[in-house]
Amino acid sequence: MNPTVWHHLNLCPQGDPGESVADAALAVRDGTIVWLGERAALPAEYATWPREDLAGAWVTPGLVDCHTHLVYGGQRADEFAMRLAGASYEEIARKGGGIVSTVRATRAASEDALYAAAAARLEPLLAEGVTAIEIKSGYGLDLASERKTLRVARRLGERYPVSVYTTFLGAHALPPEFAGRADDYIDEVCERMLPALADEGLVDAVDVFCERIGFSLAQSERVFDAAARRNLPVKMHAEQLSLSGGAALAARYRALSADHLEFLDEAGVIAMKDAGTVAVLLPGAYYFIRETQLPPLDLLRRHDVPIAISTDCNPGTSPATSLLLMMNMAATLFRMTVPEALQGVTRHAAHALGRADVHGTLAVGRRADFAVWSVETLAELAYTMGRPLCARVVRGGTTVYERPAYGLCTHESPFGR
């Protein structure tokens, strides 16, 4: 790969606007950053390299979406409409709705159909600067269907310019064929599904939904023990609807992250801090289900627990494909600051994947994955809603996305005059 100096840019290498470098430059060779800093200080050895002028644009690390359920069949828009008309969750479930409907649609869909649907969700994320994403299984709930969804996730990473990390979430819900037999299903998850999928190289981490409508602490611990036998890191959906002690259990297993956390208490926060477990907040789900219990931001700040933000893209509680919108929601709903929100989708999100060595920051020796923004200030990333802000995405030093320069009511506009 040809060496390149990216220059005439404003650089935010650590995801913190307060640590930005004005009028900066990046020297990249073989996809790796070899120098970065003020443009005036560019060493002479790079002076003759080819240059890319970014015309004063802002540059941040590529964004990281660290919690998604991107691969699933069908949709649940009709259920959303039923809820708006007054139907209860129980009424919808009795009519075959809820997660069971997604499981049914996912099992019935071909791998190609799942791929096409997931790709349509992935593309808007990539156009917003995402260069790394986690994709969970959890809508198949049997070995063949979980394998199918994880294979689709791997395929997305092979065909799109994004690093995909797969998480096995077999313990997401109880499938219909195991109704009333949760312990038997956990046996299936731990003794058959996880070993098979791990042996096939389809699993990077293991997750469990620990909640009163999910799985108990004891059942979650069995899943974690099965992951430990395979040397796989763990994470947990915890304290979303009630305080169960899930975050403390996740911390005991040195989980990469505990996610949702609306009902998290101080004991759980302290346990997470001691374990280095990242708090992943999911404002899209909070908004969509009309939750009123706010996650404990003040406690997380007081104990210096790193906070990540993600889309939680899923059909039931967060059909969102905009990480920038999640930044806005985190700011407006959770009262997060702009630096917190930006670090939440860069450096802290990378920590939540266990890949802070690769993603989330820009530094010498790191791969040159970055986003170029058409903004005057980075506060616009959390402020603006609906207007595309990402001008270019660079992955490994190569431009993989560039926003079309459409002009309003010109021959260049796709909408005509």
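This is a short tour of the structure, stop by stop, with what to select and what is there.

**Before you start**

The model is predicted, so to speak of local features a pLDDT of at least 70 is needed and side-chain atom pairs count only at pLDDT 80 or more, whereas totals for chains, interfaces and linings use all residues. Residues are numbered from 1 along each chain as its sequence is written, and side-chain values use heavy atoms, with hydrogens and water left out.

**Stop 1: aromatic pairs**

The structure holds eight aromatic pairs. Rings of Phe, Tyr and Trp (its six-membered ring) pair if their centres lie within 6.5 Å; planes under 30 degrees apart count as stacked, over 60 as edge-to-face and the rest as tilted.

Select F80 and F288. Their ring centres are 4.9 Å apart with the planes at 20°, so this pair is stacked. The two residues are 208 apart in the chain: F80 belongs to helix α1 (residues 77-84) and F288 to helix α10 (residues 283-288). Helices (H or I, at least four residues) and strands (E, at least two) are DSSP runs, numbered from the N terminus.

Y286 lies in helix α10 and F334 in helix α12 (residues 323-334), so the pair ties together parts that are 48 residues apart in sequence. Both Y286 and F334 are buried.

To finish with the rings, select F178, Y185 and F215, which form one aromatic cluster.

**Stop 2: charges over Y115**

Centre the view on Y115 and show R155 and R159. R155 lies over the face of Y115, at 4.2 Å from the ring centre. The charged end of R159 also sits over the ring of Y115, 5.5 Å from its centre. A charge sits over a ring if NZ of Lys or CZ of Arg is within 6 Å of the ring centre and within 35 degrees of the ring normal.

**Stop 3: E200**

Next, select E200, in the loop between α6 (182-199) and β8 (205-209). Which side chain does the side chain of E200 make a polar contact with? The partner is the side chain of R147, at 2.9 Å. A polar contact is a pair of N or O atoms within 3.5 Å; within protein, one must be able to donate a hydrogen and the other to accept it, and residues adjacent in sequence count only if both atoms are side-chain atoms.

E200 is partly exposed, with a relative accessible area of 39%. Show R151 too: its C-alpha atom is separated from that of E200 by 9.8 Å, and the two residues are 49 apart along the chain.

**Stop 4: a pocket and a cavity**

Select E128, G386, R387, P388 and L389. Of the 16 residues that line the second largest pocket, these are the closest to its centre. The volume of this second largest pocket is about 270 Å³, and its lining divides into ten nonpolar, three polar and three charged residues. Ala, Val, Leu, Ile, Met, Phe, Trp, Tyr, Cys and Pro count as nonpolar, Asp, Glu, Lys and Arg as charged, and the others, Gly among them, as polar.

On a 1 Å grid over the protein atoms alone, a cavity is a set of points where a 1.4 Å probe fits but cannot get out, and a pocket is an open set with protein on both sides within 12 Å along at least five of seven lines; lining residues have an atom within 4 Å of a point. Grid points are joined across faces, edges and corners, and a volume is the space filled by probe spheres set on the points.

Stay with P388, in the loop between α15 (380-383) and β14 (390-395). P388 is exposed, with a relative accessible area of 51%.

For the largest cavity, select P61, G62, T131, V358, H359, G360, T361, L362 and D369, which line it. Its volume is about 40 Å³.

**Stop 5: two backbone angles**

Select A55, in strand β4 (residues 51-61). A55 is not a glycine, yet has a positive phi of about 55°. N231, in the loop between α7 (217-229) and β9 (234-238), has a positive phi near 55°.

Key
Buried means under 20% relative accessible area, exposed over 50%, partly exposed in between (1.4 Å probe, protein chains only).
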